[in-house]
Amino acid sequence: MIWLYIVAFAVAATILVSFATRPVGFTLALIQILAFLALAFGLFGWFAILQDQVFLWYIGVGGGIWLLTTVLRRAA
């Protein structure tokens with residue numbers, strides 16, 4: 001379980017550095033890619049591994065962030 005915290009911290013640090021050094025469009029694309037990967041992991045886990053509530057969280061959070069960044073990228 002500790003690897004999940006390490007990955008989340010690394011993703012957050014990458015996004016913060018990206019906000020400081022890159023244009024907004026690049027950062028939104030980075031967030032959208034990471035959210036899509038979380039969504040894909042959740043869908044794969046739900047349908048291929050086992051039907052556990054953890055994978056529903058990945059689907060919900062990843063899908064929601066992916067949709068939000070899609071809308072924000074269209075507006076930017």
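Analyst: The expected span of a helix is 1.5 Å times one less than its number of residues. Helices (H or I, at least four residues) are DSSP runs, numbered from the N terminus. This is a predicted model, in which local features need pLDDT of at least 70 and side-chain atom pairs count only at pLDDT 80 or more, while totals for chains, interfaces and linings use all residues. Residues are numbered from 1 along each chain as its sequence is written, and side-chain values use heavy atoms, with hydrogens and water left out.

User: What length does H2 reach from its first C-alpha to its last?

Analyst: H2 has 26 residues. At 1.5 Å a residue, 38 Å is expected. The computed reach is close to that value, at 36 Å.

User: Is Thr 27 buried or exposed?

Analyst: Thr 27 lies in helix H2 (residues 24-49). Buried means under 20% relative accessible area, exposed over 50%, and partly exposed in between (1.4 Å probe, protein chains only). Because its relative accessible area is 0%, Thr 27 is buried.

User: Is Leu 68 buried or exposed?

Analyst: Leu 68 has its place in helix H3 (residues 53-75). Since its relative accessible area is 51%, Leu 68 is exposed.

User: How far apart in space are Leu 68 and Ala 35, C-alpha to C-alpha?

Analyst: In sequence, Leu 68 and Ala 35 are 33 residues apart. Ala 35 is one of the buried residues of H2. In space, the C-alpha to C-alpha separation of Leu 68 and Ala 35 is 9.9 Å.

Notes: Helix = DSSP H or I, 4+ residues; strand = E, 2+ residues; numbered from the N terminus.
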